[in-house]
Protein chains: 2
Amino acid sequence: MRPSFASRRDDVMQSYIMSLIEVARRPGMISFATGLPDRRLFDPAGIEAAAEKVLESGEAADALQYGATAGYMPLREKIADRCNRVMGMSVTAEDVFITNGSQECFDHLGKLFLDRGDGIAVENPGYLGALQSFSVYAPEFMPVDMEQGGPDMSQLETVFAKAPKLFYCIPNHQNPSGTSYSEDARRAVAELADRGSTLVVEDDAYGELGYHGRVGRTIASMTGNAVLTGSVSKIISPGMRVGWMVVPEWMREAVSTSLEAACLHAGSFVQRVLDAFLEDHDLDAYLRPIRAEYARKCRLFTDLLADGMPDTMSWTVPDGGMFVLLRSPEGTDADPVFRTCMERGLVVMPGKPFHIRGGANTVRLNFATASDEEIEKGMGILCKVCREIF
Amino acid sequence: MRPSFASRRDDVMQSYIMSLIEVARRPGMISFATGLPDRRLFDPAGIEAAAEKVLESGEAADALQYGATAGYMPLREKIADRCNRVMGMSVTAEDVFITNGSQECFDHLGKLFLDRGDGIAVENPGYLGALQSFSVYAPEFMPVDMEQGGPDMSQLETVFAKAPKLFYCIPNHQNPSGTSYSEDARRAVAELADRGSTLVVEDDAYGELGYHGRVGRTIASMTGNAVLTGSVSKIISPGMRVGWMVVPEWMREAVSTSLEAACLHAGSFVQRVLDAFLEDHDLDAYLRPIRAEYARKCRLFTDLLADGMPDTMSWTVPDGGMFVLLRSPEGTDADPVFRTCMERGLVVMPGKPFHIRGGANTVRLNFATASDEEIEKGMGILCKVCREIF
């Protein structure tokens, strides 16, 4: 006889993300579906040089041994330094905890704060992977509609008045919409957090991918009631799985215990390889061509949308990140777009799963993964399908 | 104002492990305290060659890109193959899920199965890190006393009659006691699992460290109601954080969702480096000198115990792994041993935190981490302290 699963298992959102990654890998398939960065921008030789440096150093055995729960101190220092230098924050290395990718932060924050039925305010639409991660703890999701320039402020105030435990947001180049918060929106969120007891979980996964640099100050620089999560997944390598969270001092002990209980610590080896890589590269100089390349692909992609889409369709035009959110007319269902494109060799991502309410008329498009040729070919398929349906 | 933590936070065990790792790193400190393998047995050059191979191959970008939730297929195949070849199991690569170290498995299994108050049978004493990991989900711990050759069978039957969700055990060279289950004990556990609805979580962290090879068949080879967890932490590198769980088919989907929600997937890069390392090494040949070296250190360590300890002390003599459990006379408290040794430059690990009940008269000793010279010096301190106190 099998043991029964815990009740929380009934609450876990199923997700398309990883299954779509596997579909998208089928030979000949073009993918606008996932959140994969452009593999042509990886630097295997740079990572190899960093790995050699680590494994030929006097500290090679330390890189292969168990490490400290919170992470490798020189890496924590570099992250704290960047938070202070380019994000307007004022933190120390002790506030920085390294994780196995920033996705892991959401699991820890859910585990630390969410009892069944506790409120968590979320962007609508919001990042599906984080919603799924929080859903394990069976909270009440409180959606706040996203508009140009950030969340709907009156909805946000109404929701914060209910004192949710957390507000999860991506103020820079949001996944899935590509939009960023205005300075006013950032300040308003910070003020609401200061007034209430809601912890802002500020996901900065795309913050370093602003095409003209960072688009605004972090909310975490404006309030003490915030955790900033970051990652090298979109700029250096997602396969290394190195992320982090920068937490207020009162959370340190709880985060440390949570990390230890769940995984002891993030990988010593990859942390040191990443640290050596960052030693050898000026991050701003390293980011310049990457930002330029994504900006170029975004222009190519949105130009093709403008040329090929029927007038009934609309879309966001991001100033950073990897995503465009496509909308069919209000009241229509975009699901046939997803299904028809798949039949013709293009995977796109339905926008509905990113929504707590509404969103049936949306499709998330990633323009980062595909090559120019694939973008042109895929966009041919997509625009034709949309012209046929809408 | 701060948000309040979730109620489960009150149930999380605090742990000594990671804090002791940090204490043990202080210069001049000798450590018998942690579970660190011998760093002299790491193979940085072999790992470097593997990393080069991966990063100079045509799949370099794949190693740096997002990967599949369940892990890198060639590595899963190697693990399944070893399970079948040397552990008497009959599994496929699809049953194998790669994790960020095997510690992470306990978090997933707790999350998947344990509602507040659900029963989990555990060895008494048992591995503290796993107890801590499960404690996050506020279960009722049901201790089963460990004896020579495995758990007390009448206690185990009584506990299984209460239908705990899980039974967590380390049948090979247990942490903290160093003892292994007899063939009869393995079979009895498997029969109890078959009869009831309790899932056996068989932690095989030390299974490959039997001084004369593996000491017995896995319980997972005898019942379908078992998950086997494994890791390269004790044999290749804990800093790579590569572990796995081998699960029954009915659990696959739930495990996959849980992994995706918590961390998307374990690191592509380290998985491929490890896979390349295993391609280049015959694991049995690789393990031979490592097993021999731990056997030698164990002999050195237990000979020194036999020479230096007062008659009132007793200890286990393991046939594999890294640990000896030292006992002061029944009814006494061994805590002064811990504190006095610390003052004199030796860190040992109190045995009590590994116990759900009793255990105040125990001390866990790791003979793997220290050099011969440190073992001799540390054992001088330890034996003298014990002679003074008991």
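Helix α2(B) has 12 residues and spans 16 Å from its first C-alpha to its last, close to the 16 Å expected at 1.5 Å a residue. The expected span is 1.5 Å times one less than the number of residues. Helices (H or I, at least four residues) and strands (E, at least two) are DSSP runs, numbered from the N terminus. The model is predicted: local features need pLDDT of at least 70, side-chain atom pairs count only at pLDDT 80 or more, and totals for chains, interfaces and linings use all residues. Residues are numbered from 1 along each chain as its sequence is written, while chains are lettered from A and ligands numbered from 1 in the order in which they are written.

The buried residues of α2(B) are Ile47(B), Ala50(B), Ala51(B), Val54(B) and Leu55(B). These residues lie on the same side of α2(B), because they cover an arc of only 125 degrees around the axis. The arc is that of the directions from the helix axis to the C-beta atoms. A residue is buried if 20 or more other C-beta atoms lie within 10 Å of its own, exposed if 12 or fewer, and partly exposed in between; C-beta atoms are placed from the backbone. An α-helix has 3.6 residues a turn, so residues three or four places apart point the same way. The cover over the buried residues of α2(B) includes α2 (44–55) and α3 (60–64) of chain A, together with α3 and α10 of chain B.

The contact between the chains takes 69 residues from chain B and 68 residues from chain A. Two residues are in contact if their C-beta atoms, placed from the backbone, lie within 7 Å. Several helices of chain B each supply at least two residues of the side that touches chain A, among them α2 (44–55), α9 (252–263) and α10 (268–280). That side of chain B divides into 35 nonpolar, 20 polar and 14 charged residues. Here Ala, Val, Leu, Ile, Met, Phe, Trp, Tyr, Cys and Pro count as nonpolar, Asp, Glu, Lys and Arg as charged, and the others, Gly among them, as polar.

In chain B, 8 strands form an open, mixed sheet in the order β2-β9-β8-β7-β6-β3-β4-β5. Two strands pair if DSSP finds at least two bridges between them. The edge strands of chain B are β2 (96–99) and β5 (150–151), each pairing on one side only. Strands β3 (residues 119–124) and β4 (residues 140–147) of chain B pair in the parallel sense over 6 bridges. Glu123(B) stands opposite Val144(B) in β4(B).

Strand β8 (residues 226–231) of chain B is largely enclosed by the rest of the structure, because 6 of its 6 residues are buried. Ala226(B), Leu228(B) and Gly230(B) are buried on one side, and Val227(B), Thr229(B) and Ser231(B) on the other. Strand β7 (residues 199–203) of chain B runs parallel to β8(B), joined by 4 bridges. Strand β9 (residues 243–246) of chain B pairs with β8(B) in the antiparallel sense, over 4 bridges. Thr229(B) is the bridge partner of Asp203(B), and in β9(B) Thr229(B) has Met245(B) as its bridge partner.

Ile79(B) is found in helix α4 (residues 73–86) of chain B. Ile79(B) counts as buried because it has 26 C-beta neighbours inside 10 Å. Leaving aside neighbours within four places in sequence, Ile79(B) is in contact with Val96(B), Gly230(B) and Trp244(B).
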